Amino acid sequence: MKFIDFFSGIGGFRLGMEMAGHECVGHCEIDKFADKSYRAMHDVKEGEWYAADIRAVEPGDLPEADCYCGGFPCQAFSVAGKRGGFEDTRGTLFFEVMRLASVRKPKYLFLENVAGLLSHDGGKTFGTILNTMGELGYWYEYQVLNSKDFGVPQNRERVFIVGHLGGTSTTEIFPIIGGNGETLKQIIGGSQGDRVYDTKHGVMITDRINVVGNVYGTQSQAGKLYTTDGLSPTVQGQRVNSQGWMYDKAKIRRLTPRECFRLQGFPDTYFDRAAAVNSDSQLYKQAGNSVTVNVIYEIARRLNNE
């Protein structure tokens, strides 16, 4: 199946889709540094379709594709931001994908955003998204999935939406139970620090040796200390110092860019290509803004080309 990678970042969607046997025919990314990493990581060939700004793309500009993928910018909906929703310019970029899909009618729409999107404005924002897809002839399904359940030790909840063009696709993708990873099995209740988990099940809860004062202000993610055998907080893209700190062999250190890429499911070879063309500050940002490859793969392998 051919797909276009919108809001492509460093290509988490691309890698996951390609691992499932699908073919990328083009990408769109406005951040020149992210695009530099993307091209290096995925060995983009000359002549592959590309656009920087989706707002300048006309439907006739697009190559033929069966699926439009994209993690449309989430800052407008994130609980960490001002949650401006569609009043925020970034929030309207969802409608740019719909503008193109309304004319070209790809078989699938495969979208991702923060879990907070479901509750934004009392659910009205998410309802508008689903209604818009429905008006364009897509029946839709969605599920909140956590990266920790798909083989990476990162607590990262995101909502994934799959739109199916009516009359062309009948196969349901969701629910996905468990993924390739394992989840914790709680055997004794209590608050986070007092819970006990079955040692045979998956990643541990964040260690309670976690507070290092306000090392970088009052951000809860940045002000915690994590053990190397624990569960990382969500890798973030807003700034370098929000990636957290690690207690590693009696030393306290920040997560490295390589580790952040690993937490998003990228092989080290892909990180090395990105590191060759970008600074650490850009790599931190790019990892935090990416989707988790493992989750994309689990969804992508369920997509078909009927």
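Me: Does E96 count as buried or exposed, and why?
Reply: Buried means under 20% relative accessible area, exposed over 50%, and partly exposed in between, using a 1.4 Å probe and protein chains only. E96 counts as buried because its relative accessibility is 18%. Bear in mind that this is a predicted model, where local features need pLDDT of at least 70, side-chain atom pairs count only at pLDDT 80 or more, and totals for chains, interfaces and linings use all residues. Residues are numbered from 1 along each chain as its sequence is written, and side-chain values use heavy atoms, with hydrogens and water left out.

Me: Which element holds E96, and what does E96 touch?
Reply: Helices (H or I, at least four residues) and strands (E, at least two) are DSSP runs numbered from the N terminus. E96 sits in helix α3, residues 93-104. Contact means heavy atoms within 4.5 Å; leaving aside residues up to four places away in sequence, E96 touches I54 and R55.

Me: What does α3 lie across?
Reply: Helix α3 lies across β1 (2-6), β4 (67-70), β5 (108-114) and β6, and runs at about 175° to β5. Such angles run from 0 to 180 degrees between N-to-C directions, with axes fitted to C-alpha atoms, for helices over the stretch in contact.

Me: In what order do the strands form the sheet?
Reply: Strands of a sheet pair through backbone hydrogen bonds, either parallel or antiparallel. Two strands pair if DSSP finds at least two bridges between them. Here seven strands make an open, mixed sheet ordered β3-β2-β1-β4-β5-β7-β6. β3 (49-51) and β6 (138-146) are the edge strands, each pairing on one side only.
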